[in-house]
Amino acid sequence: MKGNDPVAAFFDQLPDTHKRHFQGRASGASFNFQKRLTLACELGGASSGRLLDCAAGTGEITCALLKSGRFDHATVVDVSAAMLQSAKELVMSQIKNAEVEFVQSDIFDFKPADPRFDLILCLGLIAHTGRLDILLPHLKSMLTPHGRIILQTTLTDHLGTRVVRALTSRTELARRGYRISWFSQRNISEACDRAGLRILESRRHSLAFPFGDRLWARANFQLESRFKQWASRHGADAIYLLGAG
Ligand SMILES: C[S@@+](CC[C@H](N)C(=O)[O-])C[C@H]1O[C@@H](n2cnc3c(N)ncnc32)[C@H](O)[C@@H]1O
């Protein structure tokens, strides 16, 4: 990791906020992070063995997958020391049936001694990194022959995403010190093709009413809940199950 990495510096401020998204019914963000966890467990349901989480955040989703008992080893990576520490506290307190190692690293620089993973989680990452054409081949190089990647992105195919992008690009750049990367379904499927990865399954969620959490966060949770059926077909967030074989 470079010492002045603005992404790491931004997420170093965020563990408490991020953790809250996995508890309760306070906002549209909490609805959607909890949904992300459920869908990641669903898509990872046929995997077992060795798990890599390449941007674990505060570790709730890593932990949920490990609780299945199907993984005997996990490598938990994050570029932010504070996020990784929070993930470590959670995972060490809840998981007793797997060997778990924690690595503070930019995933682009991560070169494990044993690069054979049966499942790689890549959730909430690519908006902060871009460079799919480097990332996907790198992740593929760490997969076992029948290994799987679970990749999440917010999609610009969704009108709400385009509205938010148009209205917040400049303020977000000033707030974060780096530019958010945006992807359409087509960007993802073309990058997968170039990397030699197939989209085996996908799920959609998130109504993503623009600025809903800023207007009235609790009501936005209810709105997300009420429109979950619609969002499962047209939602702003997509989670893909990818495989090479
Ligand atoms: C929005 S959080 C998502 C956390 C978790 N995967 C989830 O879905 O709840 C994004 C995480 O990616 C990490 N991150 C950003 N860029 C990274 C990089 N290049 N390598 C590893 N982790 C990175 C951040 O520190 C942060 O913890």
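This report walks through a sheet, the helices beside it and a ligand site in one structure. Keep in mind as you read that the model is predicted.

**The sheet**

Let's start with the strands. Strands of a sheet pair through backbone hydrogen bonds, either parallel or antiparallel. Here, 7 strands make an open sheet with mixed pairing, and their order is β3-β2-β1-β4-β5-β7-β6. At the edges sit β3 (99-104) and β6 (198-205), each of which pairs on one side only. From one strand to the next, the twist averages 15°.

For a look at one pair, find strand β5 (residues 143-154) and strand β7 (residues 237-243): they run antiparallel and are joined by 7 bridges. One place to look is Leu151, whose bridge partner in β7 is Tyr240.

**Helices beside the sheet**

Helix α3 (residues 28-43) lies across β5, β6 and β7, and it runs at about 150° to β6. Helix α7 (residues 132-140) lies across β4 (117-122), β5 and β7, at about 150° to β5.

Helix α3 also has a helix to pack with. Two packed helices are described by the angle between their axes and the distance between the axes. For α3 and helix α10 (residues 212-226), the angle is about 40° and the axes are 6 Å apart. The two helices are therefore oblique to each other. On the α3 side, the contact involves Gly28, Ala29, Ser30, Phe31 and Asn32, which meet Asp213, Ala217, Asn220, Phe221, Glu224 and Ser225 in α10. Sorted by type, the residues of this contact are 4 nonpolar, 5 polar and 2 charged.

**Around the ligand**

Which residues are closest to the ligand? They are Arg36, Ala55, Asp78, Ile107 and Leu123, out of 22 residues that surround it.

| Residue | Protein atom | Ligand atom | Distance |
|---|---|---|---|
| Ala55 | backbone N or O | nitrogen | 2.7 Å |
| Asp78 | polar side-chain atom | oxygen | 2.5 Å |
| Asp106 | side-chain N or O | nitrogen | 3.0 Å |

Definitions and conventions: Residues are numbered from 1 along each chain as its sequence is written. This is a predicted model: local features need pLDDT of at least 70, side-chain atom pairs count only at pLDDT 80 or more; totals for chains, interfaces and linings use all residues. Side-chain values use heavy atoms; hydrogens and water are left out. Two strands pair if DSSP finds at least two bridges between them. Helices (H or I, at least four residues) and strands (E, at least two) are DSSP runs, numbered from the N terminus. Axes are lines fitted to C-alpha atoms, for helices over the stretch in contact, and angles run from 0 to 180 degrees between N-to-C directions. Contact means heavy atoms within 4.5 Å. Angles under 35 degrees count as roughly parallel, over 145 as roughly antiparallel, 65 to 115 as roughly perpendicular and the rest as oblique. Ala, Val, Leu, Ile, Met, Phe, Trp, Tyr, Cys and Pro count as nonpolar, Asp, Glu, Lys and Arg as charged, and the others, Gly among them, as polar. A residue is near a molecule or strand if one of its heavy atoms lies within 4 Å of it. A polar contact is a pair of N or O atoms within 3.5 Å; within protein, one must be able to donate a hydrogen and the other to accept it, and residues adjacent in sequence count only if both atoms are side-chain atoms.
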